[in-house]
Amino acid sequence: MLRRIGVLTSGGDAPGMNASIRAVTRTALYHGLDVIGIRRGFEGLLDGDFVPLTRSSVGGILMHGGTILRTARCAEFMRPEGVNAGAAKLRENDIDALVVIGGDGSFHGALELHKRGIQVIGVPGTIDNDMAGTDCTIGFDTACNTALECISKLRDTASSHDRMFIVEVMGRNAGFLALETAVACGAEFVLVPEIPADIEAIIKKVHYAKEHGKTHSIIVLAEGVMPAHELADKLKGKCDYDPRIVVLGHIQRGGSPSCFDAVLAAKLGYAAVECLLDGKMGMMVGRIGGEIVASPLQKAWEERRPLDKDMLRIMETLSI
Ligand code: F6P
């Protein structure tokens with residue numbers, strides 16, 4: 001019988017993680033369950049770094065960036081002995097089920113716990129949006145908004161100085177963050193890991209744009225393609241600009257969640273506890289076509305979600 005659940009955040013933090021912790025906690029309390037927060041992800045699980053979560057301890061955190069439970073990437077949890085120790089820790093502390101909020105790396109750990117008989121549900125939280133089983137992960141929308149705000153400012157100075165800016169955005173091996181941001185900010189070019197980089201095409205396009213009166217250029221580069229300085233070296237001397245580079249980096253992981261992310265976090269946190277109450281295990285919750293759906297945890301990484309073809313076409317069309 002389900003009496004006490006644990007919740008942890010793991011991997012890279014993402015805006016909206018606190019809103020998810022709140023949603024999980026409040027839904028569980030609503031149903032009469034006790035909630036234990038596990039600090040520092042799987043690392044904290046192994047150390048027994050636990051804190052009871054109450055209605056008021058998750059009050060006022062909704063719009064805070066980061067995660068009140070803190071997070072970590074835990075190498076020890078990649079070994080079977082580490083996972084065995086984690087499962088034992090949960091049992092010793094009478095934690096009947098666990099909600100793991102994080103990306104696909106965290107879901108690998110969650111699946112291993114599930115294989116050892118622990119009831120686990122995953123909530124997708126990462127700015128990368130690189131997980132199948134959901135159209136959007138918690139934090140992605142906010143990260144895109146942050147990048148958009150930064151690039152809008154860069155465009156001001158790019159147009160004043162007739163400059164090219166190469167803006168490197170995060171996303172690990174996926175181009176979702178880059179493509180979404182590039183369309184939103186009206187970039188002249190986007191480079192994503194899913195499509196081989198064509199430097200000649202960039203050079204041609206920059207020349208064409210110059211001939212047609214464009215005096216500045218913004219290239220959005222996904223970090224998974226190559227570092228910004230490498231792209232700048234490839235372009236130097238080949239087009240009429242001396243490119244400046246900006247690496248947005250971890251700034252994309254901070255800040256208050258957007259309305260979209262706060263609502264997504266509420267829906268998925270709520271759904272995760274509902275799944276536990278229904279006896280589901282080894283599943284993740286996600287939002288597909290507006291519906292909240294549960295899928296096996298492995299779906300997150302076994303199917304690589306492709307970039308939206310329409311978005312690629314829109315990018316190509318609007319950046320002539
Ligand atoms: O997965 C989220 C993410 O921000 C990626 O976009 C990025 O590649 C990575 O984490 C950075 O990790 P770290 O914070 O460990 O440097």
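A residue counts as near a molecule or strand when one of its heavy atoms lies within 4 Å of it. By that rule, the residues around the ligand are Arg73, Thr126, Ile127, Asp128, Met170, Gly171, Arg172, Glu223, His250 and Arg253.

A word on the model: it is predicted, so local features need pLDDT of at least 70 and side-chain atom pairs count only at pLDDT 80 or more, while totals for chains, interfaces and linings use all residues. Residues are numbered from 1 along each chain as its sequence is written, and side-chain values use heavy atoms, with hydrogens and water left out.

Now to the shell. With Ala, Val, Leu, Ile, Met, Phe, Trp, Tyr, Cys and Pro taken as nonpolar, Asp, Glu, Lys and Arg as charged, and the others, Gly among them, as polar, the shell holds two nonpolar, three polar and five charged residues. Domain 1 (4-139 + 257-302) and domain 2 (142-254) both contribute residues to this shell, so the ligand lies between them; the bounds come from an automatic or database domain assignment.

| Residue | Protein N or O atom | Distance |
|---|---|---|
| Arg73 | side chain | 3.0 Å |
| Gly171 | backbone | 3.1 Å |
| Arg172 | side chain | 3.2 Å |

The protein covers 75% of the 400 Å² of accessible area that the ligand has on its own (Shrake-Rupley method, 1.4 Å probe).

Finally, the cysteines. A disulfide needs two cysteine sulfur atoms within 2.5 Å, and the count is zero. The closest cysteine sulfur to that of Cys150 is in Cys185, 11 Å away and too far for a bond.

Terms used:
Polar contact = N/O pair within 3.5 Å; in protein donor to acceptor, adjacent residues only side chain to side chain.
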